[in-house]
Amino acid sequence: MSVTAAGISSMATRQILSELAAAYEEATGEVITIESVGGVDAAKRIRAGEAFDFAVLASDALQKLEADGHLVPGSIIEIAESPMAMAVRAGSPKPDPLDEAAVRKAMESAKAIGISTGPSGTHVQKLARDWGLESEGVSRLVQAKPGIPVAKLLAEGEVEVGFQQLSEMLGAPGIEIVGLLPESLQPGTVFAAALCKAAVNQDAARAFIEYLVSEETAETKRQHGMTPL
């Protein structure tokens, strides 16, 4: 069966998009393929002109791509809000409640803190600066390589505490999710979809994006730790 539209996404939405693409194909017969990679790599490939019909990335990343002429103007549509969570290696002590003081104490106590290359990692870097945790000149932040989940660093003992989108931590082996960061520390990351300038199947991609924001996709988003918009 031939592909109707091809897209690229960051890892945070990989499972959601995989399930929704399968459901969409069953309902319509349209075949949607989506390659999920690190968000930084996805943006680079779009900038390089690879022939993707659509992209699903953090909304601020899409806005930069649109400003630089790589997306169809005005095509960005928000899909879901993605909360950040904190996790530890399975069997490790967990703070309760997970309030702002507990998050700060966990970061201050940890010898190594796992972060991603995406928006959640940028947010934790800012927290570390704001709280003076990098003042010694030696960073305790360990950034996972693009496409590698922070959960893997935790499970393998490379870090003691990790932060990432909840959607990337759910179901990961070898870790325990402590909980969502308190509202005061949430960065408010929103994932969105947009048409790529290099699209060859623009109509099919637009139809799939419309499906992604429809009410029938809401429960799948919730199951994978995201909030429908």
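## Cavity, sheet and overall form

The residues lining the largest cavity divide into nine nonpolar, one polar and one charged, where Ala, Val, Leu, Ile, Met, Phe, Trp, Tyr, Cys and Pro count as nonpolar, Asp, Glu, Lys and Arg as charged, and the others, Gly among them, as polar. This is a predicted model, in which local features need pLDDT of at least 70 and side-chain atom pairs count only at pLDDT 80 or more, while totals for chains, interfaces and linings use all residues. Residues are numbered from 1 along each chain as its sequence is written, and side-chain values use heavy atoms, with hydrogens and water left out.

The structure holds one cavity of 30 Å³ or more, a cavity being a set of points, on a 1 Å grid over the protein atoms alone, where a 1.4 Å probe fits but cannot get out. The volume of the largest cavity is about 60 Å³, volume being the space filled by probe spheres set on the points, which are joined across faces, edges and corners. Its lining residues (those with an atom within 4 Å of a point) are Thr13, Ile16, Leu17, Leu20, Val56, Ile79, Ala80, Phe191, Leu212, Lys221 and Met226. Helices (H or I, at least four residues) and strands (E, at least two) are DSSP runs numbered from the N terminus.

Five strands form an open sheet of mixed pairing in the order S7-S6-S8-S5-S9, two strands being paired if DSSP finds at least two bridges between them. Strand S7 (141–143) and strand S9 (175–180) stand at the edges with a single partner strand each, so one side of each has no neighbour in the sheet. Strand S5 (residues 84–89) and strand S8 (residues 161–165) pair in the antiparallel sense over five bridges, and Met84 has Gln165 in S8 as its bridge partner.

| Helix | Strands touched | Angle to S8 |
|---|---|---|
| H5 (residues 119–130) | S5, S6, S7, S8 | about 130° |

In total, the chain has nine helices and 11 strands. Its radius of gyration, 18 Å, is close to the 17 Å that the globule rule gives for 229 residues, so the chain is as compact as a globular protein of that length; the radius is taken over C-alpha atoms, and the rule is 2.2 Å times the number of residues to the power 0.38.

Key. 1 Å grid on protein atoms, 1.4 Å probe; cavity = no way out; pocket = protein on both sides within 12 Å on 5 of 7 lines; lining within 4 Å. Contact = heavy atoms within 4.5 Å. Axes fitted to C-alpha atoms, helices over the stretch in contact; angles between N-to-C directions.
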